[in-house]
Amino acid sequence: MAAEVIYGDQLALSLRQEMKEEVTALKEKGIVPKLVVVLIGDDPASKSYVSGKQKAADFIGINSELITLVDTTSEQALLDLIEQLNNDESVNGILVQLPLPDQINEQAIIEAISPEKDVDGFHPISIGRMLTQQDTFLPCTPFGILTMLQSKNIEIAGKHAVIVGRSNIVGKPVGQLLLNEHATVSYCHSRTKDLKAMTKQADILIAAVGREEMIDASFIKPGAVVIDVGVNRTEAGTLTGDVDFESAKAVASYITPVPKGVGPMTITMLMKNTIKAAKNHHTKK
Ligand code: NDP
């Protein structure tokens, strides 16, 4: 039997509708969530991600501001801007769109953002809190994946989750979130000796590599849940994932598509984090 497709776009829409109602109620109490997105340079992919974030914010009623800087911006100028935004009481969430130009140290920027406004969940304090299972801003893509699994009541406890990819923004944190949910977690990466032998053991397989359709049915245990994080642009200009969707769908129990899978959920969780930041700020006042 073919796998059930988990459509992230549909789930994202229903969550955004709920958030819209929540934001309307918050505004009645005088709380107006505000997100500032900083975009440096004019990389087309970054521009497209930023525009998706702004559209989602507009739909929900989150006040979003885009600050665009030229790609020759110095690290100090960006640090100064972040400090200003950290001190601005009206700003709840700060997102600096990655990647950054070579002259700017990415980690220095991530660490400059106040953890209270770190809606991307990349600050070491947010990561440490996630690791130790404290309340925090969860990184958006892993948070979106967890929400997709939970939306289908997919059992995580006791399952073997195999993560292909170990980046700081996707692979590592998604494994950690699944570990927090009591999965047994294995990480694979470019030095893994026999990738297929690992992925074939997965009850939950997360592909976060960035290689067009590298995971086909032969990597998948029958009945596994397959989450495709990859976003790859094909020669024809279309988007495709890390998973060969058609062959994988024939063996998996659940599968996410690309596009309309994890991508819309990532943006949605950013909105959720922004609302959380606004509520946290209000409670502290
Ligand atoms: P990175 O390039 O930072 O990480 C890729 C990972 O894949 C690395 O850990 C690398 O291993 C591993 N890898 C590379 N080649 C192989 C291989 N042949 N076998 C096994 N592992 C391999 O990418 P990201 O984590 O940032 O992103 C991964 C994908 O997800 C990309 O396509 C990206 O566009 C997409 N993405 C999608 C998002 C969404 O919202 N849908 C959000 C963020 C990313 P090593 O560490 O050894 O180099």
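Six strands make up an open sheet with parallel pairing, ordered β1-β11-β8-β7-β5-β6. Strands here are DSSP runs of E of at least two residues, and helices are runs of H or I of at least four residues, both numbered from the N terminus; two strands pair if DSSP finds at least two bridges between them. Strands β1 (4-5) and β6 (184-188) stand at the edges with a single partner strand each, so one side of each has no neighbour in the sheet. Strand β5 (residues 160-164) runs parallel to β6 and is joined to it by five bridges. V164 has C188 of β6 as its bridge partner.

The model is a predicted one, in which local features need pLDDT of at least 70 and side-chain atom pairs count only at pLDDT 80 or more, while totals for chains, interfaces and linings use all residues. Residues are numbered from 1 along each chain as its sequence is written.

The largest nonpolar core has 80 residues, among which I206 and V226 touch the most other members. Such a core is a set of buried Ala, Val, Leu, Ile, Met, Phe, Trp, Tyr and Cys residues joined through C-beta atoms within 7 Å; buried means that 20 or more other C-beta atoms lie within 10 Å of the residue's own, with C-beta atoms placed from the backbone. Helix α10 (residues 262-284) supplies the largest share of this core, nine residues. Beyond its neighbours within four places in sequence, I206 is in contact (C-beta atoms, placed from the backbone, within 7 Å) with I145, A161, I163, V164, V174, I227 and V229.

Terms used:
A residue is buried if 20 or more other C-beta atoms lie within 10 Å of its own, exposed if 12 or fewer, and partly exposed in between; C-beta atoms are placed from the backbone. Two residues are in contact if their C-beta atoms, placed from the backbone, lie within 7 Å.
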